[in-house]
Amino acid sequence: MSLVPNLLTLAGMHLLMAMLPGPNTVVISWLSATRSRAEGLRAVAGVVTATLVWIAVALFGVGALLVEAGGLYRLLRLAGAGYLIWIGWRMIRAHGAGRAGQGTPTFAGRSPFVTGLMTTLSNPKSAVFWTSAFLVAVPPAAPAWFYAAILGLIGVQTALWYGGVAVFFSTGFARQQYLRVAARLDRLTGAVMIALGLKLADEVRRELALRVAS
């Protein structure tokens with residue numbers, strides 16, 4: 001039986017998830033527009049690495065264990081929420097710091113690769129997403145090459161999609177448009193990251209409230 005349709009299903013699910021604006025898109029576009037294409041692509045490399053980590057975690061069944069161990073899962077999500085809020089705050093402050101230093105805005109003194117890596121790792125929902133995706137699209141007793149193909153396909157797809165985002169936002173046109181409204185966009189992108197962090201924290205709060213009520 002051909003497993004190509006299964007791979008295409010996983011690729012489609014991943015692409016739809018990647019196309020939804022989220023922390024990865026915000027960080028990569030911000031770095032590409034304010035610093036350079038090279039730094040945006042380094043952030044992409046971090047996102048790709050972290051994505052492969054979450055896929056491997058799901059393949060080993062750790063994603064399902066995280067859901068079962070509710071307390072640990074909630075703790076990881078709270079840590080991720082805190083990281084996103086911190087990233088957002090640094091973005092809001094970055095433009096002013098850059099003007100004070102007479103250069104382009106700086107971003108937390110952290111390497112772009114680590115920023116991309118940590119932004120993706122801060123979302124343990126990725127492991128749960130891939131666990132669910134594998135239940136849908138991976139047949140029982142799939143051969144070893146199929147799992148390697150999943151890692152390769154999703155890794156390449158992640159690099160191409162977010163690499164395209166980095167290239168677009170580092171073009172002269174995109175950078176010029178960004179610089180025209182840089183201060184407002186810095187505050188907007190920072191606010192988006194903070195809102196994503198608060199949303200994640202609120203989800204955990206509601207889960208705990210329901211647990212207490214039951």
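Start with the aromatic rings: there are three aromatic pairs in the count. Here rings of Phe, Tyr and Trp (its six-membered ring) pair if their centres lie within 6.5 Å; planes under 30 degrees apart are stacked, over 60 edge-to-face, and the rest tilted.

Select Trp 145 and Phe 146. The ring centres of Trp 145 and Phe 146 are 6.0 Å apart and the planes meet at 85°, so this pair is edge-to-face. Show the three together: Trp 145, Phe 146 and Tyr 147 make one aromatic cluster.

A note on what you are viewing. This is a predicted model, in which local features need pLDDT of at least 70 and side-chain atom pairs count only at pLDDT 80 or more, while totals for chains, interfaces and linings use all residues. Residues are numbered from 1 along each chain as its sequence is written, and side-chain values use heavy atoms, with hydrogens and water left out.

Buried means under 20% relative accessible area, exposed over 50%, and partly exposed in between (1.4 Å probe, protein chains only). Phe 146 is buried, at a relative accessible area of 0%. Tyr 147 is partly exposed, at 28%.

Zoom out to the whole fold. The protein chain has 10 helices and zero strands. Helices (H or I, at least four residues) and strands (E, at least two) are DSSP runs, numbered from the N terminus. Of the 214 residues in the chain, 42% are buried. Among contacts between residues at least 6 apart in sequence, 85% join residues at least 24 apart.

Next, the interior. A nonpolar core is a set of buried Ala, Val, Leu, Ile, Met, Phe, Trp, Tyr and Cys residues joined through side-chain atoms within 4.5 Å. The largest such core has 20 residues. Select Val 27, Ile 28, Val 44, Ile 87, Met 91, Tyr 162 and Met 193, which have the most contacts inside it. Helices α2 (23-34), α3 (37-59), α5 (70-100) and α8 (144-169) each give two or more residues to this core. The largest share, six residues, comes from α2. A second, separate core has 17 residues, including Leu 3, Val 57, Ala 133 and Phe 146.

Leu 16 sits in helix α1 (residues 4-19). Leu 16 is exposed, at 60%.

Last stop: charges. How many salt bridges does the whole structure hold? The search finds three. A salt bridge is a side-chain nitrogen of Lys or Arg within 4 Å of a carboxyl oxygen of Asp or Glu.

- Glu 39 and Arg 35: closest N and O atoms 2.6 Å apart. Glu 39 is buried at 18%, whereas Arg 35 is partly exposed at 23%.
- Arg 205 and Asp 202: closest N and O atoms 2.8 Å apart. Both lie in helix α10 (residues 182-213), three residues apart, about one turn of the helix.
- Arg 206 and Asp 202: closest N and O atoms 3.2 Å apart. Both lie in α10, four residues apart.

Finish by selecting Asp 202, Arg 205 and Arg 206 together: salt bridges link them in a network.

Technical notes: Contact = heavy atoms within 4.5 Å.
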